[in-house]
Amino acid sequence: MIKVIIPIAVLLFIILCKKLPKIGGNIYVALMVTGVLSLLLGGVFAPVRWIGAWIDGLDRISWVICLSIFGSIYAETQVQLGTMDTVMGALKSRFYNSPRILVVCVVLSLVVAGSLLGDAVAASTVIGVLTIGVLSSIHLSPEKICCIIVAGASMGSIMPPISQAFALSSSLVGSNPDSTIRYGYITVPLIVLVVTVYMILFFIKGRPVIREYDENGREITVREPAMQILRKNWKSLIPLGILVVVILFRTITNEKIHFDLVPDLLSQINFITIDNEISISFYDWLSNLTVFKGLANGIVLSIILVTAISFCFKKVRVNARETLNNGLTKVKTTVLLQVCAAFMLGCFYAGGQVDAVQEFAMGLNSNVLKIGGAAAMMLMGMLTGSQSTAQNVVFTFFGPALVATGRGLDYTAVAGAHLAAAGMGMPPVDLTTFVVAGIVGGILGKKVDPLKSMLYMLPMCICMAIVGFVFMYI
């Protein structure tokens, strides 16, 4: 186990010791150094095998990288179309005189935005900023406003279809992403329900009177009806509606029926080999391409389809360069992190670390493994403020170890996704809360205590952790 302990210790040291000259706190350097160490300790010295390990790691999580890239571009097309503006405008118009219902609608809108964007920070900054004025008019404190925005976006970021947490955990344990993600349609709404009730009961006291003012400081008394907003902007909801339909096709599964709309369509396009004897479909060919096979994932193909449909709209088409540039720019950091994590992952397999941990786990009491691994994941999320870091650092070993003890692949992946999400939102270092606290403070001109907001979010984190433990024990 020495070849496992040393690389992990170095990884944690570089990530957590921010005073370390030049590389302290740099997750990219930490991942690459850890990968190199694991290869050297595993007796892999040939540079060619290092490159092979990197390619193997990229191949394992290729669909996660593709999901990040195309999910970000799709999100930008929806911003251009004003999809969330339409949804928020209609909800605000319909429930403006009911503060509690309005908070529910704000949370649900952020959940939808987080689901579409696949990232809590993006949903908080792009959509959350639109809700600050509304929440402030209910006389909520800046910390509670920050909590509502971050909680909604964070719950949305784990909500399918674009769920980085489920995608990454599925790749790390080798489960079928489609069957794993289906559990998210059950677990996340339950968490949303519990957290929303908590916010309504404890955040909103009495019967606050809501007032909204225009840019000239005059109170707005006449508002456009919700149905009129929807009639005027219904076209902006078309790509979202198509995505919902496609995802539903992927979700309807029983013993006789499995709808996989886009892959099934691509399977109808066939290639003939030179000898004219063997025919292979375009989908099968794409599925067997090393690294690029991530493009053949059903969820990725669904996102590409609705993105292409979005570009049929003039609003998106005339700003195509800006849309693509913004989408790629926003996901650049995430993809770079995933590429470095792929190197570390491939090195762990090539250096024998994963096999060593699996063998070690077989001799552990299952309860010790589950509780210790879950605590390590949440602690890493707390210290780094990153769900993906917690998964890459801890679940790379913890996931396969759980599988080695007899846990099912799907249940293991679901548990890993929820535990990582739970740790990400806990004090003291939730990155999303710090970002949103700055935005809320700037708009309202008030000081926002991010730690207090994190404490308000503990019910959400506890719910996530409970779901994770349930899936480790059922």
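K22 is found in the loop between α1 and α2 (27-41). In this predicted model, K22 has a positive phi of about 70° although it is not a glycine. The protein has 474 residues, of which 51% count as buried, and its secondary structure comes to 25 helices and 2 strands.

**Overall fold**

- Among the contacts in the protein with a separation of 6 or more, 78% join residues 24 or more positions apart.
- The protein has an accessible surface of about 21,000 Å². Carbon and sulfur atoms account for 66% of that surface.

- Most residues other than glycine have a negative phi.
- K22, with its positive phi of about 70°, is exposed, because its relative accessible area is 85% and the cut-off for exposed is over 50%.
- V291 is a further residue with a positive phi of about 70° that is not a glycine.
- The loop that holds V291 runs between α15 (282-287) and α16 (298-310).
- V291 has a relative accessible area of 25% and is therefore partly exposed.

**Nonpolar core**

- The largest nonpolar core has 108 residues. Within this core, the residues that touch the most other members are I148, M155, M199 and F398.
- Beyond its neighbours within four places in sequence, I148 is in contact with the valines V103, V106 and V107 and with the leucines L110, L135 and L140.
- The contacts of I148 also include M199 and F203; M199 is itself one of the core residues that touch the most other members.

**Nonpolar surface patch**

- A nonpolar patch on the surface is formed by M1, I2, I5, I6, L41 and F360. Together these residues have about 540 Å² of accessible area.
- Which helix gives the most to the nonpolar patch? Helix α1 (residues 2-16) does, with 3 residues.
- I5, a member of the patch, has its place in helix α1.

- V339 lies in helix α18 (residues 320-351). With 23% relative accessibility, V339 is not under the 20% limit for buried and so counts as partly exposed.
- Residues V339 and I55 are 284 positions apart in sequence, while their C-alpha atoms are 9.9 Å apart in space.
- Not counting residues up to four places away in sequence, V339 touches W54, L58 and I65.
- V393 belongs to helix α21 (residues 387-404). Its relative accessibility is 4%, so V393 counts as buried.
- Between V393 and L345 there are 9.4 Å in space, C-alpha to C-alpha, with the two residues 48 apart in sequence.
- Leaving aside neighbours within four places in sequence, V393 is in contact with I8, L11, L12, I15 and M380.

**Cysteines**

- A disulfide is a covalent bond between the sulfur atoms of two cysteines.
- How many disulfides are counted when a pair of cysteine sulfur atoms must lie within 2.5 Å? The count comes to 0.
- Is C66 buried or exposed? C66 is buried, because its relative accessible area is 11% and the limit for buried is under 20%.
- C312 has a relative accessibility of 58% and therefore counts as exposed.

Conventions:
Residues numbered from 1 in each chain as written. Predicted model: local features only at pLDDT ≥ 70, side-chain atom pairs only at ≥ 80, totals over all residues. Heavy atoms only, no water. Core = buried A, V, L, I, M, F, W, Y, C linked by side-chain atoms within 4.5 Å. Buried < 20%, exposed > 50% of the residue type's maximum accessible area, 1.4 Å probe, protein only. Contact = heavy atoms within 4.5 Å. Patch = residues over 30% accessible without salt bridge, like charges linked within 9 Å, V, L, I, M, F, W, Y side chains within 5 Å. Areas by Shrake-Rupley, 256 points an atom, 1.4 Å probe, with all protein chains shown as cover. Salt bridge = Lys/Arg side-chain N within 4 Å of Asp/Glu carboxyl O. Helix = DSSP H or I, 4+ residues; strand = E, 2+ residues; numbered from the N terminus. Disulfide = S-S within 2.5 Å.
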